[in-house]
Amino acid sequence: MAKPTAATLGTVSSPLDLAPKGEHEAVSISARGRIRPKPKVTLTSLTPNNAGTLRKINSVVIPVVYSDKFYKDVLDPALDDVNKIIYFADIPVGAICCRFDGLGPKDKGEPTLNILTLAVLAPYRSYGLGHALVRHALSACLHPTSPPVPTPSKDAPATRAQLTPAPPRKVVARALVHVQAGNDGAKRFYERLGFKQAGVEKDYYSKAEPKDAIVMVLDDIAAALGEA
């Protein structure tokens, strides 16, 4: 039997406040005139235990089938603070998957957060959940933390080195995402977050139409988050 891969600790965030700053908060009132409490919204780390949930959310929302390697790679503990599932009233309704480019000692490009997938189930898209997922990942770029210690394998004893937390990565100030050509809604979504079109990558999607992707870049994460 194959050895299980390293898993994160499955941390859950404090409830998120999705109300826009400086604006009155919308209040839900029942038919009997009672004020309904806001649904609790939290972020949860990706683990092998909820990887199936991530696959299901992506398969419902995104018209691309991702490989087993993709789902293995996004469980990397070094990505724990950017790759998340979002829960609405304790129901998993969305997720974000990213990787970091340009952080290796031999990499020549500028360190960049590459947003690979962002998915929110259709009934929950009016609550700002996608916005919350992206902003959380962008904030993590500026405030990196030590990734959690990998969970030891059940098939072999772990060495001390394997159980030693890695040091925090360096600050990443740039982000990038590919948006399928013709998806104007997604393009506007990222533009509202500060991304700008930097070009078009031909034949980016091998199994989807249209195949071209718009490259959206955020050159200054700190400025976009108001932390410059």
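From the N terminus on, the elements of the protein chain follow the order β-β-β-α-α-β-β-β-α-β-α-β-β-α. That makes five helices and nine strands. The model is predicted. Buried residues account for 39% of the 228 residues in the chain.

Confidence comes next. The chain has an average pLDDT of 84, and 78% of the residues score at least 70. Two stretches call for care. Over residues 1–9 the pLDDT is below 50, although the model gives this stretch 27 contacts beyond near neighbours in sequence. Residues 20–28 also have a pLDDT below 50, with six contacts of that kind. Where pLDDT is low, the predicted coordinates should not be read in detail.

Now turn to the empty space. Rolling a probe the size of a water molecule over the atoms shows where such space is left. The largest pocket holds about 1,100 Å³. It is lined by 34 residues, and the closest to its centre are Ile62, Leu116, Thr117, Leu118 and His178. Strand β6 gives the most, with seven residues.

Is threonine 117 buried or exposed? It is buried, because its relative accessible area is 2%, under the 20% cut-off. Leaving aside residues up to four places away in sequence, threonine 117 touches Asn58, Ile62, Tyr66, Phe70, Ala95, Ile96 and Cys97.

Charged pairs give another view of the fold. Side chains of opposite charge can pair when their charged atoms come close. The whole structure contains nine salt bridges. Three of them follow.

In one, the side chains of lysine 40 and aspartate 90 meet at 3.7 Å, N to O. Which parts does this pair tie together? Lysine 40 lies in the loop between β2 (35–36) and β3 (41–45), and aspartate 90 in the loop between β4 (84–88) and β5 (91–101), so the bridge links parts that are 50 residues apart in sequence. Lysine 40 is partly exposed, at 41% relative accessible area. Aspartate 90 is exposed, at 54%.

A second bridge is local. Aspartate 73 and lysine 69 meet at 2.6 Å, N to O. Both residues lie in helix α2 (residues 68–73), four residues apart, about one turn of the helix. Aspartate 73 is partly exposed, with a relative accessible area of 37%. Lysine 69 reaches 57% and counts as exposed, because the cut-off for exposed is over 50%.

In the third, arginine 99 pairs with aspartate 101, and their closest N and O atoms are 2.7 Å apart. Arginine 99 is partly exposed, with a relative accessible area of 38%. Aspartate 101 is partly exposed too, at 26% relative accessibility.

Conventions
Residues are numbered from 1 along each chain as its sequence is written. This is a predicted model: local features need pLDDT of at least 70, side-chain atom pairs count only at pLDDT 80 or more; totals for chains, interfaces and linings use all residues. Side-chain values use heavy atoms; hydrogens and water are left out. On a 1 Å grid over the protein atoms alone, a cavity is a set of points where a 1.4 Å probe fits but cannot get out, and a pocket is an open set with protein on both sides within 12 Å along at least five of seven lines; lining residues have an atom within 4 Å of a point. Grid points are joined across faces, edges and corners, and a volume is the space filled by probe spheres set on the points. Helices (H or I, at least four residues) and strands (E, at least two) are DSSP runs, numbered from the N terminus. pLDDT is the predictor's confidence in each residue, from 0 to 100. Contact means heavy atoms within 4.5 Å. A salt bridge is a side-chain nitrogen of Lys or Arg within 4 Å of a carboxyl oxygen of Asp or Glu. Buried means under 20% relative accessible area, exposed over 50%, partly exposed in between (1.4 Å probe, protein chains only).
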